[in-house]
There are 2 protein chains.
Amino acid sequence: MPTLYLEDFKPGQTFTFPGSHTFTREEILAFARQYDPQPFHLDEEAGKRSIYGGLIASGWQTVGVTFRLAVEGLIGNVASMGSPGVDEVRWLKPVRPGDTITASMEVLELRPSRSKPDRGLVRVRYAATNQRGETVLTMVGMGLFARRPGGGGATP
Amino acid sequence: MPTLYLEDFKPGQTFTFPGSHTFTREEILAFARQYDPQPFHLDEEAGKRSIYGGLIASGWQTVGVTFRLAVEGLIGNVASMGSPGVDEVRWLKPVRPGDTITASMEVLELRPSRSKPDRGLVRVRYAATNQRGETVLTMVGMGLFARRPGGGGATP
C-alpha cells in the first residue's frame with residue numbers, strides 16, 4: 001500500500017478495516033493486571049457478582065484492540081505526525097471472553113494547519129462492532145497527517 | 001480503606017495517587033506489538049527517524065498506566081457501577097523508556113441520576129506527570145458511582 005497523505009482523505013469517507021480480534025480470557029486477565037485491576041476485569045466470580053454478570057474486558061483494552069485494527073488496516077500507511085488526543089470515548093456494550101471485534105473509521109473533518117503548511121488535522125470517528133453486529137465502542141480521534149511532499153493532490 | 005460512595009465526593013476535591021510507574025523499554029515494545037504497532041513505538045531506530053527522535057510509549061499505554069494508578073490509589077475503593085466513557089484525552093508530551101509517571105484526579109462535577117436514584121454520574125479530570133514535573137497526559141473521565149445504601153451522607 002502506498003503512503004497516504006492528508007490529500008487522500010475527505011469528510012464522509014468510511015474505511016472498514018480487514019482484521020478482526022477474538023478476546024481470550026487469558027488476555028483480558030493479563031491486560032487487567034497491568035492496566036485496569038478492577039475485580040470484574042480480573043476474576044470470573046467477581047464479574048458474576050458485579051452489574052456485568054461475568055468477566056468483561058477493560059474498556060481500555062477494547063480501545064487498544066480497535067486501535068491495532070486501525071493501525072494494521074490503514075493508519076500504519078498514513079504519513080502520520082502524531083496525535084494530540086481523542087474525544088468522546090464511549091463504551092456502549094461490555095466485551096466478554098470469546099467476543100470477536102471488527103472496526104471501522106469515518107472521516108469527519110480535515111483542517112489544514114495555518115501555522116505549519118506541511119500538515120493538517122484530521123478528525124475521525126472509530127467504531128468497533130462485535131459478532132452480533134452490536135457497536136461496543138465509538139471514539140473520535142485526531143491525527144496530524146502530513147501533506148504530500150511537493151503537492152500533487154487536491155487541496156482538502 | 002472503606003468503600004467510597006457518591007456522597008464522599010465533591011467538586012474541587014483533588015486526589016494525588018500514592019503510586020508511580022517507571023516505563024521500561026520491554027513493556028513499551030510489548031504493549032505496542034499488541035495494541036499500537038506504529039514504528040516509533042516498536043523500534044528505537046524508527047523512533048530516531050520519526051518526529052519524536054526516539055522510541056516513545058503508545059499514548060494508550062500512558063492512559064493505561066495512569067488508570068492503574070487511579071484504580072490502585074482510589075477508584076478500586078469506589079462503589080463503581082461502570083463508566084460510560086472518557087472525553088478530552090490529550091497527549092501533551094511523549095513518554096520514553098525510563099520515564100516515571102505519577103497521577104492525580106480532580107472532581108469536576110457530580111450529577112445524581114434522575115431515573116436511577118441509587119447512583120450518580122461523576123466527572124473527573126485525570127492528569128499524569130513525569131519525573132521532570134511535566135504533565136504528559138490529561139483526560140476527563142466519567143463514572144457511575146453508587147449512593148451510600150440507606151443514605152446517611154449529604155446529598156451532593
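**Close-up views of strand pairing and the chain contact**

**View 1. Strands E3 and E6 within chain A.** E3(A) and strand E6 (residues 135–146) of chain A run antiparallel and are joined by four bridges. Strands (E, at least two residues) and helices (H or I, at least four residues) are DSSP runs numbered from the N terminus, and two strands pair if DSSP finds at least two bridges between them. Opposite A:Asp87 stands A:Val140 in E6(A). This is a predicted model, in which local features need pLDDT of at least 70 and side-chain atom pairs count only at pLDDT 80 or more, while totals for chains, interfaces and linings use all residues. Residues are numbered from 1 along each chain as its sequence is written, and chains are lettered from A and ligands numbered from 1 in the order in which they are written.

**View 2. The hairpin of E5 and E6 in chain A.** Eleven bridges pair strand E5 (residues 119–129) of chain A with E6(A) in the antiparallel sense. A:Arg119 has A:Ala146 in E6(A) as its bridge partner. Five residues lie between the strands of this hairpin, where A:Gly133 takes a positive phi near 80°.

**View 3. Strand E3 of chain A beside strand E3 of chain B.** E3(A) is joined by four bridges to strand E3 (residues 85–91) of chain B, and the two run antiparallel. B:Val86 in E3(B) stands opposite A:Val89.

**View 4. The contact of chains A and B.** Chain A and chain B contribute 27 residues each to the contact; two residues are in contact if their C-beta atoms, placed from the backbone, lie within 7 Å. On the side of chain A that touches chain B, helix H1 (25–35), helix H4 (59–73) and strand E3 (85–91) each supply at least two residues. H4(A) gives the most to that side, with nine residues.
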